[in-house]
Protein chains: 4
Amino acid sequence: MTIQGTGTARPAGRPRSEKAERAIIEATLDLIAEGMGVSELSIEAIASRAGVGKTTIYRRWSNKEDLVVDALATLKAPLPPLAGVSVREDLITLLDAMRADSGNRRGRCVMNIAMSEADRHPRLTERFVERAVEPRRRALREVLERGVATGELRPDLDVTLAMAILSGTMMWQSKWGPGDLPEDLAERVVDMVLAGMAPPAA
Amino acid sequence: MTIQGTGTARPAGRPRSEKAERAIIEATLDLIAEGMGVSELSIEAIASRAGVGKTTIYRRWSNKEDLVVDALATLKAPLPPLAGVSVREDLITLLDAMRADSGNRRGRCVMNIAMSEADRHPRLTERFVERAVEPRRRALREVLERGVATGELRPDLDVTLAMAILSGTMMWQSKWGPGDLPEDLAERVVDMVLAGMAPPAA
Amino acid sequence: MTIQGTGTARPAGRPRSEKAERAIIEATLDLIAEGMGVSELSIEAIASRAGVGKTTIYRRWSNKEDLVVDALATLKAPLPPLAGVSVREDLITLLDAMRADSGNRRGRCVMNIAMSEADRHPRLTERFVERAVEPRRRALREVLERGVATGELRPDLDVTLAMAILSGTMMWQSKWGPGDLPEDLAERVVDMVLAGMAPPAA
Amino acid sequence: MTIQGTGTARPAGRPRSEKAERAIIEATLDLIAEGMGVSELSIEAIASRAGVGKTTIYRRWSNKEDLVVDALATLKAPLPPLAGVSVREDLITLLDAMRADSGNRRGRCVMNIAMSEADRHPRLTERFVERAVEPRRRALREVLERGVATGELRPDLDVTLAMAILSGTMMWQSKWGPGDLPEDLAERVVDMVLAGMAPPAA
DNA sequence: TGCTAAGCGAGACGGTACGTCGAGTCTTGTC
DNA sequence: GACAAGACTCGACGTACCGTCTCGCTTAGCA
């Protein structure tokens, strides 16, 4: 009505409280980390733990999924910087980051949510893949393709399949493996798998 | 007094209906296959779809977890018979069974449930692992150890790690790979991975 | 089929157990006396307290009402014998029987049931009135009419109204009056009411 | 902090809806009038008929009794004004109000409930007596005592007993008498009973 | 003495209502 | 106009009985 629009129009009235927003996200992650799935998670519990009214949540996110996606997104560690020297080292760096991500309670829950709610909440999965999975996938692909180019890996390598092997192994380990993954896990995986990816004679 | 006890004494009263039991399991699996997680799943819906009173469900299973475990357990395909000739062939057979298991809607849901509810419902996971995961793990281990013994695989092979690579790759593919997994997937995985497991010189 | 009907045909098979029947009635009355209404009363509770299967109850009574009617019917004290000398004495006798009937836990409950379930369970009421109320009403009417005939009561007495006054007063007392009705209550009521029923001059 | 407290501080949050409250009471009375006792009465039915969630009922009344008491309390007609001229006229006025109260479906049900649930739901009875019975009892007592004072009634009258006679007669009639009580019933009762209460000689 | 038919206790069956909890929405007064 | 508080309708929870239905066993008279 009286928005004169000097650039980004500041809406009338009291601005939204960033403190509330942070409290909501934190409460959500806490509850997820305490073992709740998207469905066990109760908006009422989040509101209560965050010291916030339910309205304040629904004003920002129209449903649980959206809130969960945003909460999980704040959690993923940034991609580690790659040395770019050898393929082996870069792979170990990447896989080790995955191991670390799954090493703590929260990270493990992120994976659970991501993997389990796939069929149930397609939009959640879609957004999660876009934000968290794709960047890692892209980095992995780049390293492998570089390896093929530099001759560190065999020229006929099925890069997609190789990605599946590397990622899948790490995920499987963090899911079904021993509670605390050994520190040199990434190294050992890369070494074993690389053997099948190395050029025939070398 | 007049219990003659020919082995297991039949308890007094009307015996439980096997038909009802089957209907409940079927309804549960149907609903899971339609995309419901353990939490979205409503006992009321199961009862209604099975044409059964809620009491009849609660009489047998005291909570949702127990029911879901029993339902999932009826679902897993039996282990495929192994030819036992070459390690490569047996591995392909095993991995292909995993691919098939995950190829249909129900199988995929089984995995989702199993993987997602792990932290949330520890008893569910425990029982599921015991019934479904362990037998497959054991078979895989046997094949690999046989390969080491016969010299088809390198003598210093880390069998546990190899198992993780094989299983993880298949799981990852069925989770994040294309909708319909290619028929020769198992073969390609085995071939690539075997390269790193074969004896050094041969 | 082979009933030859020598008088009352004994049906084939095991005869019904009188012990069970008595136990059921007793259990029913116990539970009513413990403050349950026709609706709070649960067949399951009756069966359990009587040490009897539910079938055994339903075989005899097709619904709760019928059972309750039969149970209550066993409870009413028989009408007291009337001296037949003076109207005043006979009235006191009758009213005192009503007082005694309502003086104990069970009797009071009978009245509660009878009065409360009237609109709800018309058939119950109907049968209860027929068995328990009518005989008393008839006795009262006879005494009053005899009084009119003998001149002990005024000739233009509205007998029906007089009955209502006498009965109603007793019922009201047993319902809203003090817990233990005074022993001479009937006498005092009759005396006060008779004053209005006596012949004008006398 | 900022509660200025102009008398009774309004509690935080959305205030309770009076409309819902009225709808619940109305639905309750409707169902009672349709012949349901306290026990047949289902909260679910009340909620559904009132177009209200069950929670909204349980938020206000913690059990059926409390709801029923409140519902019945809204029903009782206010005490009729008394002319205060003659005892006879005032008694007729009071008794006629009782007759009218019991003349309609709802009123009759009120009495049924009140009388039947006495032993079963002591708190219900207690509160009902306090709200509905006591005021009438008090009015009746005052008229009778005035009559004794003015000499319209005999000086040695047992007022309590007289009250029982008058009230009991009316209740008995409305319970066991003909469906539609005659219009002059109160008059006739008072006249007959007064005869026994009038001063000896006059 | 053994057969047949009904009664018996136990208890499972498909249902209905209970009283509780949380979802997502709406409605207050305050900031 | 955002905020906390909390009432709103709705629907699932797990429990208790309903009245019906098997079960295997008992109890009688008739053969």
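This is a predicted model: local features need pLDDT of at least 70, side-chain atom pairs count only at pLDDT 80 or more; totals for chains, interfaces and linings use all residues.
A residue counts as buried when its relative accessible area is under 20%. The side chain of A:Arg60 forms a salt bridge with that of A:Glu21, at 2.7 Å from N to O. A:Glu21 lies in helix α1 of chain A and A:Arg60 in helix α3 (residues 54-60) of chain A, so the bridge ties together parts 39 residues apart in sequence. A:Glu21 is partly exposed, at 33%.

Helix α1 (residues 18-33) of chain A also packs against helix α2 (residues 43-50) of chain A. The angle is about 120 degrees, and the axes lie 8 Å apart. The two helices are therefore oblique to each other. The crossing of α1(A) past α2(A) is right-handed. Residues of α1(A) in the contact include A:Ala23, A:Ile24 and A:Leu31; among those of α2(A) are A:Ile46 and A:Arg49. By class, this contact of α1(A) with α2(A) has seven nonpolar, one polar and two charged residues.

In chain D, the side chains of D:Arg88 and D:Glu187 pair at 3.3 Å, N to O. D:Arg88 belongs to helix α5 (residues 87-103) of chain D and D:Glu187 to helix α9 (residues 185-195) of chain D, so parts 99 residues apart in sequence are tied together. D:Arg88 is partly exposed, at 30% relative accessible area. D:Glu187 is also partly exposed, at 37%.

A further salt bridge joins D:Arg141 to D:Glu145, with the closest N and O atoms 3.8 Å apart. These residues are four apart in helix α7 (residues 122-150) of chain D, and so separated by about one helical turn.

Technical notes. Residues are numbered from 1 along each chain as its sequence is written. Chains are lettered from A and ligands numbered from 1 in the order in which they are written. Side-chain values use heavy atoms; hydrogens and water are left out. Axes are lines fitted to C-alpha atoms, for helices over the stretch in contact, and angles run from 0 to 180 degrees between N-to-C directions. Angles under 35 degrees count as roughly parallel, over 145 as roughly antiparallel, 65 to 115 as roughly perpendicular and the rest as oblique. A crossing is left-handed if the near helix is turned anticlockwise from the far one by less than a right angle, and right-handed if clockwise. Contact means heavy atoms within 4.5 Å. Ala, Val, Leu, Ile, Met, Phe, Trp, Tyr, Cys and Pro count as nonpolar, Asp, Glu, Lys and Arg as charged, and the others, Gly among them, as polar. A salt bridge is a side-chain nitrogen of Lys or Arg within 4 Å of a carboxyl oxygen of Asp or Glu. Buried means under 20% relative accessible area, exposed over 50%, partly exposed in between (1.4 Å probe, protein chains only).
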